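Hi everyone, thanks for coming along. Have a look at the screen with me, and I'll walk you through what I found.

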Amino acid sequence: MLVLFETSAGYAIFKLLDESKLSQIDDLYQEFNTPEGASSVVKLKNFFKFEDTAEALAATTAAIEGKLSKPLKKALKKYVSKDVQDQLLIGDAKLGSAIREKFDLQCVSNNNVQELLRCIRSQMDSLLAGLPKKEMTAMALGLAHSLSRYKLKFSPDKIDTMIVQAQCLLDDLDKELNNYIMRCREWYGWHFPELGKIITDNTLFVKIVKLIGTRDNASQTDLSDILPEDLEEKVKEAAEISMGTEISEDDILNIQNLCDEIISITDYRTHLTDYLKARMMAMAPNLTVLIGEHIGARLIAHAGSLMNLAKHPASTVQIFGAEKALFRALKTKKDTPKYGLIYHAQLVGQCSTKNKGKMSRMLAAKAALATRVDAFGEDVSFEFGAEHKVKLENRLRLLEEGNLRRISGTGKAKAKFEKYHSKSEVFSYPTAGDSTLDQKPLKREHSPDEDGQVSAKKIKLEDGVSDVTPKKKKKIKSEPQEEADVSQEVEPSEPVSEKKKKKKKKSDVQPEESEQLNETVEEPKSEKKKKKKRQSQMEE
């Protein structure tokens, strides 16, 4: 068996003399107590030395990543490929699999191999007799320093300190520009106050002040390069009738020097913005596409670094920058803030007031995912951020339109069914109620003495009322036949009323004697009515 042993000076290939020693691993350390015992177990076959520290660093970093380096390939081709029948004992399993794929060698890596390599390392000075100890120590120290620098050294595009400093400088420049422009407007406003009302853009205002100087030179100055014709005419007309005070040449020189400073700071700010955008696209492309370079840089600056921002949850990213409001709300037991720095993002700014909280929550969730992809991913592109930005824009459109649809399949099927098979209930207006023509007039109740006529009316018998007789109308008719018919119609109504009365009396469970009395009382009343009718008919 062959053993691959890695050192800071190069690769050593040992021959395991007694393969049975590998199985007796518990007593193996006793064999390596002395150099003679170590040489009886393993024997140095070949040693491939590194040319310089750079080659040693490349080989070591490749071994850490489980890859084959050029020195190792040369050593294996030269010394190991000839003995294909032997097994190669190696400490790293990943490196062993790479060697097996490349050279078709059988590699063994287990706990016994690790113990054997540990024993070889303890007697490395005696086993590698050709290398002096001082040279080995110097190589080990140089390689340790180089490897430490390599681990600490990141790609220049991944340094988030530049982004933090650039964003802080941009904020400072904005504050200084606002102060300078406010001072310039106030200073020049004493001489030409009308110009500040006509020109609202700060950059244009500063350029005009620098060009015209005093207002007396406005009519002779050509402003067509920076202003349209209508504004140029307004400025010149206002300069002729201005109510401002007169100032000296020294005053206008100092104002123009201030204008030069403002213009130079503005140009530098534009250049710094482009630099920040390029850095953000190189370091965090998905976060930049999703929320913009300025908001992303502010979040990174607030968290300290991109790695720190990636470790925060989405709920924390959402309220970054509103810590004072958060703790004040928790202290006073009021509503906590819904957004912080993320409020200035484009997607949140497009929302209405009622939807800003929802959109900031969704945007913070996607921004947290994008930050983790940028921080921990390899060969990162901005496709992830662009895809999620499209989703958020569609969601924003649904929120603003108010067309929140159900996502489940049953909901979609139901919506389609309702679309093609809608149930409509139509209520028509009753037009017949508008007209009162061809309708029978409602009968009005008359007293028996009114016009000598009595209206025939049906009387409803209420419960508990027994002695109620129906009122009958007196009708005046000319023909004798009709009179006979009326008498015939009136007579049978009496027994009907008597039957009803009897039924009521039975339901009320009254004694038989009271029924007989009531019948005897009603009979004379009905006879009197018949007599009255006969008399009225005779008179007619």
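Let's begin with the largest nonpolar core, which has 61 residues. The residues with the most contacts inside this core are Tyr188, Phe192, Leu195, Ile291, Leu309, Met359 and Leu363. Helix H14, residues 249-283, gives the most to this core, with ten residues. Before we go on, please keep in mind that this is a predicted model.

Let me pick out Phe192. Which residues is Phe192 in contact with, leaving aside its neighbours within four places in sequence? There we find Ile212, Arg215, Val235, Ala238, Ala239 and Ser242.

There is also a second, separate core, made of 26 residues. Leu89, Val108, Leu116 and Met124 are among them.

In general, rolling a probe the size of a water molecule over the atoms shows where empty space is left. How many cavities of 30 Å³ or more does a search of the whole structure find? The search finds one, and the volume of the largest cavity is about 40 Å³. Lining the largest cavity are Met124, Asp125, Leu128, Leu131, Pro132, Lys133 and Met136. If you sort that lining by type, you get five nonpolar residues, no polar ones and two charged ones. Two helices, H8 (124-127) and H9 (133-152), each supply at least two residues of the lining.

Now to the cysteines. How many disulfides does the count give here? The count comes to zero. Take Cys259: its nearest cysteine sulfur belongs to Cys184 and is 3.7 Å away. A disulfide needs the two sulfur atoms within 2.5 Å, and Cys259 is in no disulfide. Is Cys259 buried or exposed? Cys259 is buried, with a relative accessible area of 0%. Cys119 counts as buried too, at 4% relative accessibility.

Last stop: Lys333. You'll find Lys333 in the loop between helix H19 (323-332) and helix H20 (346-349). The phi angle of Lys333 is near 60°, which is a positive value in a residue other than glycine. And is Lys333 buried or exposed? Lys333 counts as exposed because its relative accessibility is 77%, and the cut-off for exposed is over 50%.

Key:
Residues numbered from 1 in each chain as written. Predicted model: local features only at pLDDT ≥ 70, side-chain atom pairs only at ≥ 80, totals over all residues. Heavy atoms only, no water. Buried < 20%, exposed > 50% of the residue type's maximum accessible area, 1.4 Å probe, protein only. 1 Å grid on protein atoms, 1.4 Å probe; cavity = no way out; pocket = protein on both sides within 12 Å on 5 of 7 lines; lining within 4 Å. Points joined across faces, edges and corners; volume = space filled by probe spheres on them. Helix = DSSP H or I, 4+ residues; strand = E, 2+ residues; numbered from the N terminus. Nonpolar A, V, L, I, M, F, W, Y, C, P; charged D, E, K, R; others polar. Core = buried A, V, L, I, M, F, W, Y, C linked by side-chain atoms within 4.5 Å. Contact = heavy atoms within 4.5 Å.
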